[in-house]
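Visitor: Please show me how to read the features of a model, one at a time. I would like the general idea before each case.

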Amino acid sequence: MKSIIAIDGPAGAGKSTVAKRVAEQLGYIYIDTGAMYRAVAWKTLRSGEEVTDAAILRAAADIDVRLSCTDGGTRVTVDGADVTGEIRTPEVTGIVSRVAALAPVRAKMVDLQRAMAGAGKVVMDGRDIATNVLPNADVKVFLSASVEERARRRHKEMQEKGYDVDLAELQKEIAARDKQDSEREISPLRQADDAILIDSTGLSIEEVTARILALCA
């Protein structure tokens, strides 16, 4: 059985949902790296300052981000406060790519992520797990889907949380985030040479999970 599983892919591809399922099936720990960058974004917004690179770096300088696995899913705390729901707002989503593009922020988060994965038996998802964070992962997956499909999924998710968002605008935002993530100078979003591509367009969560579990056997 493979011990370290890395799942990369663009926004809205279903990485977190699938990674959680895979971890549950294997009895592994799920590490949501995107939540860690969202935590920095949340703290930046919480400061009330204008969102600048300097403000982001100040928020990240002494941040204490912790992930814990519970029966209700992964809980995220920032400096002792549970922010699991608060880091999923449109406002946080709007600046998280900018946060993740800053080298000092990435360096701090990557150190934390590698430490979490040190004991093995983990499923980690993000943008650069297979290419940068855990290049020696036993299983590497690049999970994608069409922009239209990813926008539809995110629209449904946001509506269920009570947010009124425009589908067309959401599609534009996802396409822009793809561009920003893939063109950033530090650890850009890309498929690792030895990663298996899974296009989840038209596939159910169960089907994608089964494909990844088959790679872990």
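Guide: Gladly. Helices (H or I, at least four residues) and strands (E, at least two) are DSSP runs, numbered from the N terminus. The model is predicted, so to speak of a local feature we need pLDDT of at least 70, and side-chain atom pairs count only at pLDDT 80 or more, while totals for chains, interfaces and linings use all residues. Residues are numbered from 1 along each chain as its sequence is written, and side-chain values use heavy atoms, leaving out hydrogens and water.

Visitor: How many salt bridges does a search of the whole structure find?

Guide: A salt bridge puts a side-chain nitrogen of Lys or Arg within 4 Å of a carboxyl oxygen of Asp or Glu. The search finds 20 of them. In one, arginine 154 meets glutamate 157, with the closest N and O atoms 3.6 Å apart. These two residues are three apart in helix α7, about one helical turn. In another, arginine 153 and glutamate 149 come together at 3.0 Å, N to O; both lie in helix α7, four residues apart.

Visitor: Is arginine 154 buried or exposed?

Guide: Buried means under 20% relative accessible area, exposed over 50%, and partly exposed in between (1.4 Å probe, protein chains only). Arginine 154 is buried at 15%, whereas glutamate 157 is partly exposed at 32%. In the other pair, arginine 153 is partly exposed at 21% and glutamate 149 is buried at 16%.

Visitor: Which side chain meets aspartate 128 in a salt bridge?

Guide: That of arginine 106, at 2.8 Å, N to O. Aspartate 128 is in the loop between β6 (122–126) and α6 (129–133) and arginine 106 is in helix α5 (residues 103–117), so the pair ties together parts 22 residues apart in sequence. Aspartate 128 is buried, with a relative accessibility of 2%, and arginine 106 is buried at 4%. There is also a network of salt bridges linking Arg127, Arg177, Asp181 and Arg184.

Visitor: Now the sheet, please. What is the order of its three strands?

Guide: Strands of a sheet pair through backbone hydrogen bonds, either parallel or antiparallel. Two strands count as paired if DSSP finds at least two bridges between them. Here the sheet is open, its order is β3-β4-β5, and the pairing is antiparallel. Strands β3 and β5 are the edges, each pairing on one side only. Between β3 (residues 65–70) and β4 (residues 73–78) there are six bridges, and valine 65 has valine 78 of β4 as its bridge partner. These two strands make a hairpin with two residues between them. β4 is joined to β5 (residues 81–82) by two bridges: threonine 77 stands opposite aspartate 82, and valine 78 stands opposite alanine 81.

Visitor: Where does aspartate 79 lie?

Guide: In the loop between β4 and β5. Most residues other than glycine have a negative phi. Aspartate 79, however, has a positive phi near 50°, and is partly exposed with a relative accessible area of 41%.

Visitor: What is the phi of serine 187?

Guide: Phi of serine 187 is near 45°, again a positive value in a residue other than glycine. Serine 187 sits in the loop between α8 and β8 (196–199). With 18% relative accessibility, serine 187 counts as buried.
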